[in-house]
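Subject: Handover of a structure

Dear colleague,

Please find the structure below, followed by an account of what was found in it.

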Amino acid sequence: MQSITIRRPDDWHLHLRDGAMLEGVIGDSSRDFARAIIMPNLVPPVVTTADAEAYRSRIMAALPKGDKFQPLMTLYLTEHTNPDDVEAGKTSGLITAVKLYPAGATTNSHGGVRDIEKAMPVLERMAKIGLPLCVHGEVTTPEVDIFDREAVFIETVLDPIRKRLPELKVTMEHVTTKDGIDYIKSAKGGLAGSITTHHLIINRNAILVGGIRPHYYCLPVAKRENHRLALRAAATSGDPRFFLGTDSAPHVDPLKECACGCAGIYTSINTMSCLAHVFEQENALDKLEAFASLNGPAWYGLPVNEERITLVKRNDPVSFPAKIETGAGSVTVFDPMFPLHWDVER
Ligand SMILES: NC(=O)N[C@@H](CC(=O)O)C(=O)O
Ligand SMILES: [Zn+2]
Ligand SMILES: [Zn+2]
């Protein structure tokens, strides 16, 4: 039987939500992952260090007994964020990054940033103290086609910010285009990118061919096949600038299966099985540890995990539930549309 042992992975972009949903999903992350960067787009969002402290306590309270899981907290950047509060959050060790949502770009982003000038004092402080900025990199301009929004963001928002603040560390999250990959590779430093599980597996056909499939809809939306291939090449290359951020984003089924469905794909439960499959297909199982367990901590200046996990390839497909049941309702699990044979040994 084929198997591979790697350092326990981390998830550098995760939505855990709150309340009954948090309780329903956290075990799927803490089972396989040691740490995760926790997204702050709750309702209301996590905007102050005090909010993050309280949210962290709720996460720790929801954690299954015996699981060791470290939530790495982020702040939701607004036009009123106080640089002193951000600095205090970093100094105390609570805050790992600040998250930029262009207002209106994605789920619960309406309180995000409209005018980047208003956020400059915070960004300047972050550059000074070495606190990374995590970015949802899409413009919201109505005239820009949704499939072009990442490329236009890079050119019109991200590159100008990085030229003004070369010291600012920026994580381009959930990169979905070859343009994003090329931009990260061309940078002389200070820039890295997270890649999701699902964007390595689906292109936009998954959402639209043969009927509209809301469980493959997320933001940034999956692009054409050439972009998916660029993501796969980057993720499996071992290049330290690319690492795993699942962007596992649970929404209850009624909010996905309706006339105006929410964006988000739930992958926490089967991400490691999917990734082993992808890396094996690319003849790059030896690069899985770099992508899932080494490159992220190096970028965020954190130690790598000492624990190991073993993935084994089983003859029979491993079964995952089609849906998980949470106290908030059922959540459909990402279906990669091929059988999964790799399994995390428990
Ligand atoms: N990725 C998504 O499609 N949705 C995320 C938000 C985000 O990461 O943009 C969510 O919070 O639901
Ligand atoms: Zn996002
Ligand atoms: Zn996300």
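Two strands are said to pair if DSSP finds at least two bridges between them. Helices (H or I, at least four residues) and strands (E, at least two) are DSSP runs, numbered from the N terminus. This is a predicted model, in which local features need pLDDT of at least 70 and side-chain atom pairs count only at pLDDT 80 or more, while totals for chains, interfaces and linings use all residues. Residues are numbered from 1 along each chain as its sequence is written, and chains are lettered from A and ligands numbered from 1 in the order in which they are written.

The sheet

Strands β1, β10 and β13 form an open, antiparallel sheet in that order. Its edge strands, β1 and β13, each pair on one side only. Strand β1 (residues 3-7) is joined to β10 (residues 308-313) by 5 bridges, and arginine 7 has arginine 308 as its bridge partner. Between β10 and β13 (residues 342-344) there are 3 bridges. Here valine 312 is partnered by aspartate 343, and leucine 311 stands opposite valine 344. In general, strands of a sheet pair through backbone hydrogen bonds, either parallel or antiparallel.

The binding site

Which residues does UniProt list for "binding site"? The unreviewed entry gives His13, His15, Lys99 and Asp247; UniProt positions are given in the numbering used here, feature names are shortened, and annotations may be inferred rather than shown by experiment. These residues span 235 residues in sequence, yet no two of their C-alpha atoms are more than 13.4 Å apart, so they gather at one spot.

Lysine 99 belongs to strand β5 (residues 95-100). Is this lysine 99 buried or exposed? Lysine 99 is buried, because 25 other C-beta atoms lie within 10 Å. (A residue is buried if 20 or more other C-beta atoms lie within 10 Å of its own, exposed if 12 or fewer, and partly exposed in between; C-beta atoms are placed from the backbone.)

Aspartate 247 is located in the loop between β9 (242-244) and α9 (253-256). Aspartate 247 also counts as buried, with 27 C-beta neighbours inside 10 Å. Not counting residues up to four places away in sequence, aspartate 247 touches His13, His174 and Thr196, where contact requires C-beta atoms, placed from the backbone, within 7 Å.

The ligand

The residues surrounding ligand 1 include His15, Asn41, His136, Cys218 and Asp247; a residue is near a molecule if its C-beta atom, placed from the backbone, lies within 6 Å of it.

Terms used:
Two residues are in contact if their C-beta atoms, placed from the backbone, lie within 7 Å.
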